[in-house]
Amino acid sequence: MESAGNARFRDLPSVDRVIAALTSEAGVPIVAAAARRAVDVARERVRAGDAAPSFDDIVAAARGVLDDHDRSLMRRVLNGTGVIVHTNLGRAPLGRAQLDAVVEVAAGYSNLEYELTSGRRGSRHAHAHRLLTALTGAESALVVNNNAAAVLVALAALARDKEVIISRGELIEIGGEFRIPDVMAASGATLVEVGTTNRTHLVDYERAITERTAIILKVHPSNYRMVGFTATVPARDLARLAHGRKLWIMHDVGSGLLTPGPGAEWLSDEPLVEDCIAEGADVVTFSGDKLLGGPQAGVILGRKTALDTIARSPLMRAVRPDKMTLAALEATVAAYIEGRARELPLWAMALAPSDALQERAETIASAVRDRAERVVKAEATAVASVTGGGSLPGTELGSWAVTISHSEKSAAEIGRALRYARVPVIARVEEDRVIIDVRTIAPEDDELLTELVAGALSAPA
């Protein structure tokens with residue numbers, strides 16, 4: 001006689017039947033995996049003593065697995081957080097000219113490593129090299145896939161099995177728990193710390209130099225600030241010391257500011273790449289996707305002798321950028337050379353005037369009120385944006401946001417509905433209000449944002 005438990009197992013549908021209910025393309029791997037997962041969960045429930053779920057419930061569970069899969073794939077989102085260089089959301093967005101450059105080289109073949117003049121093999125570094133050196137005054141330039149790689153390959157090429165001197169106050173940690181000491185250890189160089197956490201003097205560097213010293217490394221603390229009783233050594237003074245002792249001077253500036261531009265007085269404490277070169281640095285490293293406003297990349301500028309050595313490192317092939325990164329970076333640097341930097345999305349957002357942001361926030365809030373129920377409160381509110389991405393810590397930019405509250409739904413529920421929208425909207429939730437900072441929303445997306453917000457407010461809780 002069949003037991004009740006076995007009968008419940010027999011009531012469960014086959015995986016093939018669930019697949020057939022989900023799609024006419026039976027056997028599609030993602031659909032099959034979702035169906036198998038839903039049936040396995042149902043089987044576990046029966047094994048625990050529960051009644052077998054209905055067929056419709058199992059199909060619905062499989063659809064939920066498919067929905068989760070879709071949301072896990074790369075897709076466009078609207079950034080309403082007010083964090084301009086948002087690491088989790090892809091950092092700096094690219095503009096039309098940058099995207100056109102990527103499409104141009106990605107859609108077909110390109111002269112990535114081919115010299116059109118000679119008809120011979122060329123170097124992928126030659127393209128950005130010309131623009132970067134023209135803009136900054138550096139003798140040479142290399143591009144890798146991110147700034148951590150730039151620091152790693154430079155240290156490995158110039159200081160493997162040798163010593164690198166750095167101030168204790170500059171032993172920074174960047175995102176993902178990557179630390180300068182760890183990068184240095186991976187390069188094969190030996191770390192020599194000098195000074196104290198808050199104060200380092202020129203004599204500290206002088207006393208630490210030995211016959212094994214190869215580099216004096218200066219690191220700009222782009223993701224934190226030290227205030228109070230502090231002292232650091234200017235880069236120009238370190239360059240004089242290094243060159244007087246026949247050493248390399250390397251400056252990791254992190255965020256890569258090329259020009260502050262009008263209306264950006266809040267950047268006054270950020271070192272300019274051009275100034276670092278003029279101050280005598282042999283190697284300058286920075287990111288392409290922070291204050292530069294381009295794609296994720298690491299840029300290495302400096303003296304030709306130093307960069308020629310770095311270019312010969314076996315690591316260079318492991319960290320080299322692809323053609324799409326180089327195309328976007330070229331278009332980014334060209335914007336600076338041609339005086340179009342303010343057209344880059346990063347600077348368009350960062351330098352947007354407060355009155356324009358207020359007008360946009362008020363228009364969106366009014367449109368949301370018109371489309372939503374009476375239980376919804378939407379209004380324009382003054383807020384503060386930040387640069388993000390480990391840049392300009394403590395710096396806030398006055399901005400405006402659309403703040404939303406609902407008498408029957410929590411802010412967390414509204415925030416979830418926004419994340420589940422056809423174009424997800426990422427917002428802040430504070431004091432049971434949803435806050436959507438319009439500084440980090442492109443003006444051309446205002447109507448789309450209004451539609452998505454209205455849809456999220458009307459979605460079932």
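## Charges, rings and burial in a predicted chain

Among contacts in the chain between residues at least 6 apart in sequence, 74% join residues at least 24 apart; contact means heavy atoms within 4.5 Å. This is a predicted model, in which local features need pLDDT of at least 70, side-chain atom pairs count only at pLDDT 80 or more, and totals for chains, interfaces and linings use all residues. Residues are numbered from 1 along each chain as its sequence is written, and side-chain values use heavy atoms, with hydrogens and water left out.

The chain has 18 helices and 17 strands. These are DSSP runs numbered from the N terminus: helices are H or I with at least four residues, strands are E with at least two. The C-alpha trace spans about 90 × 60 × 55 Å along its principal axes. Of the 461 residues, 46% are buried. Buried means under 20% relative accessible area, exposed over 50%, and partly exposed in between (1.4 Å probe, protein chains only).

**Salt bridges**

Side chains of opposite charge can pair when their charged atoms come close. The whole structure holds 21 salt bridges. Each is a side-chain nitrogen of Lys or Arg within 4 Å of a carboxyl oxygen of Asp or Glu. The table gives some of them.

| Pair | N to O distance |
|---|---|
| R43 and D40 | 3.2 Å |
| E113 and R124 | 2.7 Å |
| R240 and D237 | 2.8 Å |

E113 and R124 link distant parts of the chain, eleven residues apart. E113 sits in the loop between α5 (96-106) and β2 (114-115), R124 in the loop between β3 (120-121) and α6 (125-136). E113 is partly exposed at 23% relative accessible area. R124 is buried at 9%. Both belong to a network of salt bridges that links E113, R121, R124 and R320.

R43 and D40 lie in helix α3 (residues 29-47). They are three residues apart, so about one helical turn separates them. R43 is partly exposed, at 30%. D40 is also partly exposed, at 34%.

R240 and D237 lie in helix α10 (residues 235-244). Being three residues apart, they too are separated by about one helical turn. R240 is exposed at 54%. D237 is partly exposed at 26%.

Where does D437 lie? D437 is in strand β17 (residues 433-437). D437 is buried yet has no salt bridge. The nearest side chain of opposite charge is R428, 4.2 Å away; Lys and Arg count as positive and Asp and Glu as negative, while His and the chain ends are not counted.

D437 does have polar partners. Its side chain makes a polar contact of 2.6 Å with the side chain of S399. The D437 side chain also reaches the backbone nitrogen of R439 at 2.9 Å. A polar contact is a pair of N or O atoms within 3.5 Å; within protein, one must be able to donate a hydrogen and the other to accept it, and residues adjacent in sequence count only if both atoms are side-chain atoms. Leaving out residues up to four places away in sequence, D437 touches several residues, including N79, T81, V383, W400 and R428.

**A buried histidine**

H251 belongs to strand β10 (residues 248-254). At 6% relative accessibility, H251 is buried. Beyond four places in sequence, the residues that H251 touches include K218, H220, C276 and T285.

**Rings**

R17 lies over the face of F55, 3.8 Å from the ring centre. R416 lies over the face of Y420 at 4.2 Å. A charge sits over a ring if NZ of Lys or CZ of Arg is within 6 Å of the ring centre and within 35 degrees of the ring normal.
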